[in-house]
Protein chains: 6
Amino acid sequence: MGDFSHLNRTGDAALVDVSAKEATRRIATVEGKVTVSAACAAKLEDAAVAEIRSTARLAGLQAAKQTFQLIPLCHQIPLTRVDVDVGFQPAARTFAIRVTSEATAQTGVEMEALCAAQITGATIYDMIKAVDPSATVGPFHLAEKRGGKAGHWTRTEHQP
Amino acid sequence: MGDFSHLNRTGDAALVDVSAKEATRRIATVEGKVTVSAACAAKLEDAAVAEIRSTARLAGLQAAKQTFQLIPLCHQIPLTRVDVDVGFQPAARTFAIRVTSEATAQTGVEMEALCAAQITGATIYDMIKAVDPSATVGPFHLAEKRGGKAGHWTRTEHQP
Amino acid sequence: MGDFSHLNRTGDAALVDVSAKEATRRIATVEGKVTVSAACAAKLEDAAVAEIRSTARLAGLQAAKQTFQLIPLCHQIPLTRVDVDVGFQPAARTFAIRVTSEATAQTGVEMEALCAAQITGATIYDMIKAVDPSATVGPFHLAEKRGGKAGHWTRTEHQP
Amino acid sequence: MGDFSHLNRTGDAALVDVSAKEATRRIATVEGKVTVSAACAAKLEDAAVAEIRSTARLAGLQAAKQTFQLIPLCHQIPLTRVDVDVGFQPAARTFAIRVTSEATAQTGVEMEALCAAQITGATIYDMIKAVDPSATVGPFHLAEKRGGKAGHWTRTEHQP
Amino acid sequence: MGDFSHLNRTGDAALVDVSAKEATRRIATVEGKVTVSAACAAKLEDAAVAEIRSTARLAGLQAAKQTFQLIPLCHQIPLTRVDVDVGFQPAARTFAIRVTSEATAQTGVEMEALCAAQITGATIYDMIKAVDPSATVGPFHLAEKRGGKAGHWTRTEHQP
Amino acid sequence: MGDFSHLNRTGDAALVDVSAKEATRRIATVEGKVTVSAACAAKLEDAAVAEIRSTARLAGLQAAKQTFQLIPLCHQIPLTRVDVDVGFQPAARTFAIRVTSEATAQTGVEMEALCAAQITGATIYDMIKAVDPSATVGPFHLAEKRGGKAGHWTRTEHQP
């Protein structure tokens, strides 16, 4: 249906048929953040940040591998790399999240990076919500990807 | 550690011990959105929106039930309600997501609503990314919750 | 929508809200079968039947516990009993499957019994398909249930 | 044990060792149905059918990807295609289900198609069971498969 | 069959029927260890131990919640507490593992503690196996449990 | 960090990047045991042993396929072989467990064999714990592996 590849000829949601595509090297990077209140940021000592970061990174990593079960129209992709970076920037009251996923596959690995980044963010929120339930999780966006028809792609922000 | 309930006395990430807490009625509402480009919004005919919405709602609902497996420090909570609302607002180029979860439980259901909302958003992104890879997913925030020590809570935006 | 309880007021598929319902004792029995060819039945010696039966029973039991992840609109129900019976009837060339599930819950356990019975049947098929790929799996039907508004219910066959 | 490939030399249920087999293109189609009462069929307006169909198709698609976790002796197969077709035939009071799965793999993809078809059927039953608990799910059978030693195979019905 | 509660009257493996049992407070503690070579122990600096410990604790915690999917005859038990302790004892070249699980349930939580302890141990092994593939994981044993018919039980070592 | 391949340059737990590695044939064998009391061993008649063995073998096989979800730093590896052997040695009061896993992969399959062996052992414990709660599960060790840089490796016991 139009250019929406996950809608088939009859307009139904469908797994894209990748049977005839060759497996090539695919890389995707997703960025996002969790923003906390000034009061919460002030309470976040280094040891707490370290433990939150460590827990959230692992949750994100695990989520990347479960993407095919979370997103209905995603294929099972054997990931060869998942880098989950989490950094806390006190001045900006922000946990910055950056995930890169990679595989040799017949389709892209954007969703694996996005699921990992989102669950990383959700885990951070889980661990600070007793102090700051108003914290925001996201936004998340694809920053860059390589491989497939599009080749090397980097994001252009939407015009307002 | 401080007020971060998921860090125990030695600063380790830990499941909060809820053994001695009574199960009470818990409700949480999380809101979020997916913002697409003007070009993408223009291509989103009603039938496509309907199918995207339907697919994303189900993915979110399923994710709510898998929260205990996605978020390391979440308990297994038997949800009695999960409402996933998705509406497309063409003028704002936005899919608005709103999830309410409910359970009679010893701990809150915020994370169930957040996981559902995020995976709903990720599924929308998955279905429009061929047209608009630059779309943003989120931000997400807890809008309201009921039950537990805090009683009825509604969000106050962070001051800049 | 009409009497279809899984469609909400706007016609969307939805988890039934059971928040206000009391947990009561629920029991459901599902029956089904796998029918094999005469040639396959002849090859099924006792030892093979025993191993197929044992493997299929466990697969069914595991599936009962995963129902909430398999069926989008099912709640997470903590089962207190799952009986999976499998008997081979050589004359009828049939593996007869009968599953009873039980829980104290706010909603019924029919789907848990059905998922268990179906995966039991699928596992039997998996183990005999090299000999008889034409075998049929099913039909399955709810034979009986107890608990909830309907009380004790037993099946009436559809009139042709 | 005899020709039952999932029983090893000592008669134990076992994963078939496919280490030495070459990955080739595998396709399988499974057909099945859900039969409802005349009263239920009469209540099934187009909008309800559309929502049931859409929910059941996605449940089936997800199940295909989880086959290796549902069926003990199935390998993890990275599917490249899963087509789930569901059509309602009012006169026959029947939801007809047809699933085709495909992969380049060392073993067949029949079980992936069967699990998808069965969970599609179970989801349909879940959504109509408040109106028609006596509905039947199945039977299901492999209609056709391609690839592997057997080449192109189509089903022959069992002789009575 | 005899006193083996997971074998039913006909000797089949079966989920114990706990439908008529009352939910009471259950606690179980499992202990185990991972033993590494002297060379490996010498290389394990504090920072490495901290990261291994943190990763392994989370893996164990997650495994506790997945016990019902890992152990065929285990019920779905909503855990209210899972404490995973990991300590490295350089002189003994040993990672000591101790897990306590708790729930209000109709059956015990020993298996939840055992699964958590074993996956904690396996994750430690995973992270040191490049240096010491000969390391041993286990043994594990139930140290103590409370609740149920047996009341408070503490382990007695087997006589040789 | 040092030689611990799962700790990256900054000392964080990380999935090893195997993107540039070639897939080669990998085999791993893990051995372990469950030791029961003399009283328990005396009660274990052949039929009970057979049913325990059959249940535990399947649980182990299923666990092998779920390794990537259990062990945070494990990749998704499509296993082509999983042999789970369980033998009961009455004189030694021991269930001996031996698992061999195989795949063509960019990384080893030791963890798949270890997870399978451990869950096999845990399932045996689950089925005998009503009679012998003091039974020990493990130890487990890698006995042998083939493939990868190390080639053919067999275990050397740690020196005391």
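Do chain D and chain E touch or not touch, and how many Å apart are their nearest C-alpha atoms? I looked at this pair before anything else. Chain D and chain E do not touch. Their nearest C-alpha atoms lie 10 Å apart. I note here that the model is predicted.

**Entry: another pair of chains**

I then turned to chain A and chain C. These chains do not touch either. I found their nearest C-alpha atoms 10 Å apart.

**Entry: chain A and chain B**

I wanted to know how chain A is placed against chain B. A rotation of 180° superposes chain A on chain B, with 0.0 Å of shift along the axis. The RMSD of this superposition is 0.0 Å. The two copies are thus related as by a two-fold rotation axis. Next I asked which residue of chain A comes closest to the rotation axis. That residue is A:P139, with its C-alpha at 2.1 Å. I also checked the interface. Of the interface residues of chain A, 100% are interface residues in chain B too, so the copies meet through the same surface.

**Entry: chain A on its own**

I counted four helices and six strands in chain A. Along the sequence I read the pattern β-α-α-α-β-β-α-β-β-β. The C-alpha atoms fill a box of roughly 55 × 35 × 25 Å along the principal axes. Chain A has 160 residues, and 64% of them are buried. I looked at contacts in chain A between residues at least 6 apart in sequence. Of these, 70% join residues at least 24 apart.

**Entry: helix α2 of chain A**

Helix α2 of chain A runs over residues 46–65, which is 20 residues. From first C-alpha to last, I get 29 Å. This is close to the 28 Å expected at 1.5 Å a residue.

**Entry: helix α4 of chain F**

Helix α4 of chain F covers residues 110–128. Its 19 residues should span 27 Å at 1.5 Å a residue. The end C-alpha atoms are 27 Å apart, which agrees. I found 19 of the 19 residues buried, so α4(F) is largely enclosed by the rest of the structure.

**Entry: α4 of chain C against α4 of chain D**

I followed α4(C) to its partner in chain D. The two helices pack at an angle of about 160°, with axes 10 Å apart. That makes α4(C) roughly antiparallel to α4(D). Their crossing is right-handed. Residues of α4(C) that meet α4(D) include C:M111, C:L114 and C:Y125. On the α4(D) side, D:M111, D:L114 and D:Y125 are among them.

**Entry: α2 and α4 inside chain D**

Helix α2(D) covers residues 46–65 and packs against α4(D) at about 145°. Their axes are 7 Å apart. This crossing is right-handed. Residues of α2(D) in this meeting include D:I52, D:A56 and D:G60. Those of α4(D) include D:C115, D:I119 and D:M127.

**Entry: one residue, D:A96**

Where is D:A96 placed? I found D:A96 in strand β3 of chain D, residues 94–105. D:A96 has a relative accessible area of 25%, so D:A96 counts as partly exposed. Leaving out residues up to four places away in sequence, D:A96 touches D:G32, D:K33, D:D85, D:V86, D:G87 and D:Q89. I also checked D:A143, which is 47 residues from D:A96 along the chain. Their C-alpha atoms are separated by 13 Å.

Note on methods
Residues numbered from 1 in each chain as written. Chains lettered and ligands numbered in written order. Predicted model: local features only at pLDDT ≥ 70, side-chain atom pairs only at ≥ 80, totals over all residues. Heavy atoms only, no water. Least-squares fit on C-alpha atoms with pLDDT ≥ 70 in both. Contact = heavy atoms within 4.5 Å. Expected span 1.5 Å × (residues − 1). Axes fitted to C-alpha atoms, helices over the stretch in contact; angles between N-to-C directions. Parallel < 35°, antiparallel > 145°, perpendicular 65-115°, else oblique. Left-handed = near helix turned anticlockwise from the far one by under 90°. Buried < 20%, exposed > 50% of the residue type's maximum accessible area, 1.4 Å probe, protein only.
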